[in-house]
Amino acid sequence: MHAALLALALLLAPADSVRVSATLDPSTIPVGGTATLTILVRTGGPSPERIESPSLPAGLLVVGTRDFSQFQFSLPGGRTRVVRREITLRAYRPGRYTIPEIEVVVDGRAYRTRALELTATGSAPPSPPAPGEAASGPDDEVLFRATLAPDTAYVGQQITLRADAMISEEAQMRLRRAPEYLAPDAPGFWVRDFAPQPRAHPRPLGGRVYLTQTFTRAYFPITPGSYTLPPARLQYEIRRGFLYTPEREELVTDSLRVVVLPLPEEGRPDSFTGAVGRYRIRASIEPAEVPVGEAAALVVEIEGEGNIRALPPPSLPEMDGVVIHPPAEDATVREDGGRLVGTKRFTWILVPERPGRIELPDLSYAHFDPEARAYRVARTGALALNVTGTALASDDEPAARLAGLKARPGRESTLGWVRSPGFAVLQLVPLLGIVFVIVRGRRRTQPRKVGR
């Protein structure tokens, strides 16, 4: 009996042990190729507090990071938390690289993975660009630069990626087709692409003239943390001679890193619902006077700079004697100097139930201004709605409410003629016909008298 209980306890007990490991796939790559460094943490307790970024030797560069978390259930062992971080590495010159031990902290205790070896084979291409520098094709025929600004932002603040593709005059004549720009994806961000410039513009650089095309993308972070965005890429095909087949080239920028800060608690208004940016608010009631029971529209417009489409609606005060329907939303957005600006419109339908003047106090809209690093509150002026007529029937007056419904214009019944005097006369016609037939028949059967 005791042995059975002990076995059951072992089966159901969670696994508190922590195991960390690191793998590299593949362990040999060509120069310019990528390998995936996977850090795996298994624990029956809390999730890891920290996974240190690897200290990489020169010649290796992080080009992407992804995190995964899941639970596994097994008997014996119970529930196990599995956390996996995948780091994509790119080698820019040949050699044998040692990736040192990686520290993982779980429940205040440090664990380390084993060191790994990565081999890069082949010849060295041009050195990777430093952050902000341009990647270049052979003989600087094409230059490609991407920048992310700001590199430190608050949750909800716009972070702008600007990518410039610069093609020399010589390369323009040999391109097989238009280059293809690949913007980096960013899980955990709300993303909006701006329309590219309508035409490329010439730009002198290093004694040469480049035709430059600029691409812009806005990123709005959703949660705080440190993020590494994959590099931006530019692919093109070029023919280097009349008898040569086209060669495919790819230019890759450095990884793009950004730190996202949480919104401060200090000074946060109670009415704040998450709007980040710079905004103004205005409101109107259309029409300003309606009869009892008819609808008026309360229109509130939030205008400014920020993630316009994601703006939440302002809060409305309670209005006694008015039925308020949920708001409809629509937004217009445009680019202005690399910033996302526009207007979001909220429309509530108001149905007053009694006459009088309904006062609507100032409406406020709290938002966080990331440039001022402070909370602001935009306000409207006071509004009023004049209601004419008599009050609608209350719930304890069903007869009056029904009478009001009966008084509405409607179509008369098509059977109303059956209650008319003419219809009663028509009912006698068959009876009179029967009497007529009987009387006439009797006259025909009577004997005729013969005169003397």
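Me: Which residue in β10 stands opposite Pro-30?

Reply: Thr-121 in β10 stands opposite Pro-30. Before we go on, this is a predicted model, where local features need pLDDT of at least 70, side-chain atom pairs count only at pLDDT 80 or more, and totals for chains, interfaces and linings use all residues. Numbering starts from 1 along each chain as its sequence is written, and side-chain values use heavy atoms, with hydrogens and water left out.

Me: How do you know that β2 and β10 pair?

Reply: Two strands pair if DSSP finds at least two bridges between them, strands themselves being DSSP runs of E with at least two residues, and helices runs of H or I with at least four, numbered from the N terminus. Three bridges join β2 to β10 (residues 116-121), and the two run parallel, so they meet the rule of at least two bridges.

Me: What makes β2 an edge strand?

Reply: β2 (28-30) pairs on one side only, and so does β7 (95-99). They belong to an open three-stranded sheet with the order β2-β10-β7 and mixed pairing. Neighbouring strands there are turned by 25 degrees against each other on average, direction ignored; the axes behind that are lines fitted to C-alpha atoms (for helices over the stretch in contact), with angles from 0 to 180 degrees between N-to-C directions.

Me: And in which sense do β8 and β9 pair?

Reply: Antiparallel: strand β8 (residues 103-106) and β9 share four bridges. Val-104 stands opposite Tyr-111 in β9. The open sheet here has the order β4-β8-β9, with antiparallel pairing, and its edge strands are β4 (50-51) and β9 (109-112).

Me: Why is Arg-81 called buried?

Reply: Buried means under 20% relative accessible area, exposed over 50%, and partly exposed in between (1.4 Å probe, protein chains only). Arg-81 has 18%, so it counts as buried. This residue sits in strand β6 (residues 78-91). Leaving out residues up to four places away in sequence, Arg-81 touches several others, among them Val-41, Arg-42, Pro-46 and Phe-71; contact means heavy atoms within 4.5 Å.

Me: What makes Phe-220 buried?

Reply: Its relative accessibility is 2%, so Phe-220 is buried under that cut-off. Phe-220 lies in strand β18 (residues 208-221). Beyond its neighbours within four places in sequence, its contacts include Phe-189, Trp-190, Gly-306 and Leu-340.

Me: What does the secondary structure of the chain come to?

Reply: Five helices and 32 strands. Of the 452 residues, 36% count as buried.
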